[in-house]
Amino acid sequence: MRPTGLRAVVAMFTLAGGLALASPAAHAAGPRAVAGTPPVVTTYPGNGIDDPVGITAGPDGALWFTNDGDDKIGRITTGGQVTDFSGKGINNPQSITAGADGALWFTNYTGNSIGKITTSGQVTIYTAKGVVDPGQITAGPGNTLWFLNGDKSIGEITTSGTITLFTGADIVGPAGITEGPDGAMWYTNSGSNSIGRITTSGAMTEFTHSGIDDPAGITAGSDGNLWFTNLVGKDIGQVTPSGQVTMVTLQALVKPSWIINGPDGDLWFVNSNALAQVPIGGKAVYYRNSKIDIPEGIAAGPDGVWYTNYADNTIARITTSGTITVFHGNGFTSPFGITSGPNGNLWFTTTGNPNEIGDMTTSGQVITHQGKAIDEPNGITAGPDGALWFTNDGDNTIARMTKAGNLTSYTNPGIAQPEGITAGPDGALWFTNDGSGTIGRITTSGAVTIHKSSLIKNPQGIVSGPDGALWFATANGIGEITTSGTVTMHKNGSKAGANEYDYITAGPDGNLWFTSSGSNRIGKMTPSGTFTFYTANSVNGPEGIAAGPDGALWFTNQFGKSIGRVTTSGTVTAYMSPAISFPLGITAGSDGALWFTNFGNDSLGRITTPAGG
């Protein structure tokens, strides 16, 4: 999609959100008001993740994390559904781990306490004299949890809530702690550049080595040894249960911190603003991209490695092969095209930085996907193969994404600034090339055919018509192309600007309906080429258009900050809300509502159909 005057207009809009009853906007005399209850507009920027820090796999198959920003504990399913839990006593929660009792245990840094939350959300807080600024917590032998104290002590708490503190000269600035293969607890001493070991009875041993330099995280490796990171230097360390220390030099290390034993048996750790994967005895692989933004916690999940992005308020998963998926509390930018996907979710394109393909449930849970095959994506549609297909205006490609997020892009010299895309009656995908004035066809296996005609000028939207042909909107009329490539152009007179149309859809009345943003009109055309136009004061820069489940046509008013509705007999109504900001794409959702992209405030909107309308 190409919004009219986009770059000049975007700065005029500020972020709006929330829930509001939409009210009909004023319109010119002539069109009649729609009877019944006005629809409800809701925007979904997402929520639930606020400065996340610690993360761990829960006994319920979900991941649990701490929200330092709003004093809550979060739960996220492997599909990305976020639930927040609050409770008295949750105060700057930091580290979190699963206990032997089936609950999640966490530390409250400012609250000087240890918290427990059941998988149903019941919170209990435990305090004791000497618990000060607690940091990392981990499960220990039996029914115990072990945690580090900011006052140079190590704490043990049983699942019944009994706290014991251990102090000693061997504890100097403890940073990370883990259970070792020998049944003891192992920890890093950042203050004394050493690795410590403490038995369940409190006996301590300290191990030193010239290569240990500000150690941070520590974990039990798949090889039966302990592995730790150095915040300073180019090494990670290995220590055997007997205390023998070996340093392993790795290139590209930058302040590595928390480390875990991954589900693949490799070591995974946070490396400044990157993630690192190190097979034991192998070469490190580093992952750096915009999906990794000041990562804090890291945990082995049931389907990969999960981590928290403190800077952009997201939770992310990286598979053991390096594919990253980000789960937003919010964060997608400049959404454009939108379609209802084969999984019943809303799929949309974003042109902000970074470019993404989004997948959102009808309850508002968002997953976004990034990849080299996503470059200024515009139009998007569900393909006959169960995948999503979209146009890349940035690199002149057509791309395919599976529901699992696997990407493939297809190139052809004839693809030039592709815009709209739709599934054709012949089992292929059809798209418009705004840059070359052509119509393209691509099979689900990736074979591209380009259809040229001197009749076509700046084609935009495209749809499969009621007559088995493809219909598209252009700067010089409504075009029709058969599956064999024959082009016919339909015009409404010869006056300049009279035939400049944007997006098009098949109506429930067997006609083609389209928008004209330049003339602020909604158009209807019969398959034989008869035009009818509908105008109203409330039609202001119409862009996307879709057939609604109520038998009417719905469209976005990019400049009017409203969603419009026109019946097949021509009654126009517009619905305004503070939640609507520069709307562009629109589609019917699987839930019986209309969904649209809000380019102006980086959100998706949902509008119900009016009762009695």
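Student: What kind of model is it, and how are the residues numbered?

Tutor: It is a predicted model, where local features need pLDDT of at least 70 and side-chain atom pairs count only at pLDDT 80 or more, while totals for chains, interfaces and linings use all residues. Residues are numbered from 1 along each chain as its sequence is written, and side-chain values use heavy atoms, with hydrogens and water left out.

Student: OK, how many helices and strands does the protein chain have?

Tutor: The protein chain has 1 helix and 58 strands. Those are DSSP runs numbered from the N terminus: helices are H or I with at least four residues, strands are E with at least two.

Student: And what does the C-alpha trace span?

Tutor: About 90 × 50 × 35 Å along its principal axes. Of the 613 residues in the chain, 57% are buried; buried means under 20% relative accessible area, exposed means over 50%, and partly exposed is in between, with a 1.4 Å probe and protein chains only.

Student: What share of the contacts joins residues at least 24 apart?

Tutor: 43%, among contacts between residues at least 6 apart in sequence. A contact here means heavy atoms within 4.5 Å.

Student: Let's zoom in. Why is β10 called largely enclosed?

Tutor: Strand β10 (residues 113-117) has 5 of its 5 residues buried, so the rest of the structure largely encloses it. Ser 113, Gly 115 and Ile 117 point one way, Ile 114 and Lys 116 point the other way, and all are buried. In general, side chains in a regular strand alternate between the two faces of the sheet.

Student: Which strands does β10 pair with?

Tutor: β9 (residues 104-108) pairs with β10 in the antiparallel sense over 5 bridges, and 4 bridges join β10 to β11, also antiparallel. Pairing requires that DSSP finds at least two bridges between two strands.

Student: Moving along, where does Gly 130 sit?

Tutor: In the loop between β11 (123-126) and β12. Gly 130 counts as partly exposed, at 25% relative accessibility. Leaving aside neighbours within four places in sequence, Gly 130 is in contact with Asn 149, Asp 151, Ser 153 and Leu 165. Gly 130 and Ser 153 are 23 residues apart in sequence and 8.6 Å apart in space, C-alpha to C-alpha.

Student: New topic: what's the volume of the largest pocket?

Tutor: About 710 Å³. Of the 30 residues lining that pocket, the closest to its centre are Ile 55, Ile 96, Gln 136, Ile 260 and Ile 298. Elements giving two or more residues to the lining include β4 (52-57), β16 (174-179) and β28 (295-301).

Student: How is "pocket" defined?

Tutor: On a 1 Å grid over the protein atoms alone, it's an open set of points where a 1.4 Å probe fits, with protein on both sides within 12 Å along at least five of seven lines; lining residues have an atom within 4 Å of a point. Grid points are joined across faces, edges and corners, and the volume is the space filled by probe spheres set on the points.

Student: How does the lining divide by residue type?

Tutor: Into 15 nonpolar, 13 polar and 2 charged. Ala, Val, Leu, Ile, Met, Phe, Trp, Tyr, Cys and Pro count as nonpolar, Asp, Glu, Lys and Arg as charged, and the others, Gly among them, as polar.

Student: Last one: is Asp 393 buried or exposed?

Tutor: Asp 393 is buried, with a relative accessible area of 18%. Its place is in the loop between β37 (388-392) and β38. Not counting residues up to four places away in sequence, Asp 393 touches Asp 375, Glu 376, Asn 378, Gln 417, Pro 418 and Glu 419.
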